[in-house]
Amino acid sequence: MSRRLQLDITRMFADAVGKDFGVSRDEVDALEPRLKALLQGLEAKRKGGTLPFYDLCDAEDRFSRIEDYAAKARTKFKNVVVLGIGGSALGAVALREALKPLHWNELPDDKRDAPRLFVPDNSDPELLAAIMDICPPEETLYNIITKSGTTGETMAAFLAILTPLKEALGDKYREHLVFTTDPAKGNLRELSRTEGITSFTIPPGVGGRFSIFTPVGLLPAALLGIDIRKMMSGVAEQRERIFNRNFDENPSVAYATLQFLSNSVRGQNIHVMMPYSNAMFRTADWFRQLWAESLGKRNNLKGDTVFTGPTPVAALGATDQHSQVQLYVEGPNDKTFTFIFPKHYRRKVKSGKHFPDMEAIDYLAGKGMDELIIAEGKATQRALTSAHRPNMAFIMEEIAEDTVAGLMYILEAATLVAGGLYEVNPLDQPGVEAGKIATYALLGKSGYEEERATIQKEDEREARII
Ligand code: PA5
């Protein structure tokens, strides 16, 4: 892997954490023929055009349109509000947190070079109302993101914001909307045509949680003034590696294989991702969705019932040393850990020398807080390793456009490899459908009358409420 982004897998192996809990090289070697076949299959699909997410870094023409639109919008709007959910929301938040200063939205206007970005990715009315309270229509651009164009949470929020937008702006409300959706299908595409609203397209074949490098993630990023070309150069750099047949040279294959072996051989089915960086915490949250929705499946590819899938958890170092690490070090050995360690932090804060006579705290005086967090990360890594807990680490030279996007791309590619190893389809989400159908039925959408009647019958049964 490039020197700016590395994956340290040392502590996943038996020689670091013991043979009862660590992966053996023999296990990896035994999987090699399967991995080679799997990569060959993925590469063939990629060449056949059925896995377009691999090659989004080639879409130069799309980048210019995004940049041109964003450059104008940045001068016009004080706020950007993304209405989307799941794969249509988590990437934008992750990029804002990683690549803009923390507490970006709270900075005074003269300290920001681009609009604030809000992503109310829930149907909680208090959340959307709170954002509407602080984003007057005149100063706000709404980016509605939905690939299907039907998602209830997103469409409800869209319909909710339209009322104040139209009231405040009359016909000009259209200029305060931009859609990101399927090029041909869905309600939003139709509305973009009938209402004359600017739109960007999500390439067909790129699913929600794999769409961060389409306008789904790139447009909000560009609206924030993030250099999307630098991001995509980080992606292109990692693309060179993800089809490498050599386990030791391919970070996505190594990541997926080690997680799969720990899970399937030793039952370590909780996958904790723990950045030692607030800026990277929402990337761990983005990964949580990617790993969970892609690998958590009832049926395998043959149609057998398997109820498979690791449970991803996002934790934050050093904060969770005072919340979760007790459990991680001494609780059940049913987890693997992925640290994200930046080598350098972008801001420096030093502890002052104020109480020289107080030895218990004076050792901190004159030290940078970066020294402290780096030491704490290393200490947790050591504690977990001594307690036989397999762990690995993505090491970023610094948190920057290329390393953040490169890391996300490696994780997307790893998800496809893991899907192959678990023998499930990582690109579908049939389990989410049941909830969507019940919601439609409860809200009286036509065509769901039968489901509504069943739910009503269930509700009439005697409930046991304490
Ligand atoms: O990964 C996925 O496919 C999902 O999380 C979707 O992104 C999410 O359900 C939102 O779907 P849509 O973009 O169609 O509104």
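A residue is called buried at under 20% relative accessible area, exposed at over 50%, and partly exposed in between, with a 1.4 Å probe and only the protein chains counted. The model is a predicted one, in which local features need pLDDT of at least 70 and side-chain atom pairs count only at pLDDT 80 or more, while totals for chains, interfaces and linings use all residues. Residues are numbered from 1 along each chain as its sequence is written, and side-chain values use heavy atoms, with hydrogens and water left out.

**Salt bridges**

Side chains of opposite charge can pair when their charged atoms come close. Here a salt bridge is a side-chain nitrogen of Lys or Arg within 4 Å of a carboxyl oxygen of Asp or Glu, and the structure holds 29 of them.

| Arginine 4 | Aspartate 402 | 2.7 Å |

In the salt bridge between arginine 4 and aspartate 402, the pair links distant parts of the chain, since arginine 4 belongs to the segment before strand 1 (5-8) and aspartate 402 to helix 15 (residues 401-422), 398 residues apart. Helices (H or I, at least four residues) and strands (E, at least two) are DSSP runs, numbered from the N terminus. Arginine 4 counts as partly exposed at 28% relative accessibility, whereas aspartate 402 is buried, with a relative accessible area of 16%.

Glutamate 43 is buried, with a relative accessible area of 17%, and arginine 245 is partly exposed at 30%. Salt bridges that share partners also join Arg46, Asp55, Asp58 and Arg239 into one network.

Lysine 230 is placed in helix 9 and is partly exposed, with a relative accessible area of 46%. The C-alpha atoms of lysine 230 and glutamate 43 are separated by 25 Å, the two residues being 187 residues apart along the chain.

**Strand pairing**

Two strands are said to pair if DSSP finds at least two bridges between them. Strand 7 (residues 270-275) is mostly covered, with 5 of its 6 residues buried, and strand 7 pairs in the parallel sense with strand 10 (residues 311-314) over 4 bridges. In this pairing, valine 272 has valine 313 of strand 10 as its bridge partner.

Strand 7 also pairs in the parallel sense with strand 11 (residues 335-344), over 6 bridges. Isoleucine 270 stands opposite lysine 335 in strand 11, and the bridge partner of methionine 274 in strand 11 is phenylalanine 339.

Strand 11 is itself mostly covered, 8 of its 10 residues being buried, and strand 11 pairs in the parallel sense with strand 12 (residues 391-398) over 7 bridges. There, threonine 338 has methionine 392 of strand 12 as its bridge partner.

**Ligand surroundings**

A residue is near a molecule or strand if one of its heavy atoms lies within 4 Å of it. Of the 13 residues around the ligand, Ser88, Thr146, Ser148, Thr151 and Gln289 come nearest.

A polar contact is a pair of N or O atoms within 3.5 Å; within protein, one must be able to donate a hydrogen and the other to accept it, and residues adjacent in sequence count only if both atoms are side-chain atoms. A polar backbone atom of glycine 87 is 3.0 Å from an oxygen atom of the ligand. Taken alone the ligand exposes 380 Å², of which the protein buries 89%. Accessible areas come from the Shrake-Rupley method with a 1.4 Å probe, and for residues only the protein chains shown count as cover.
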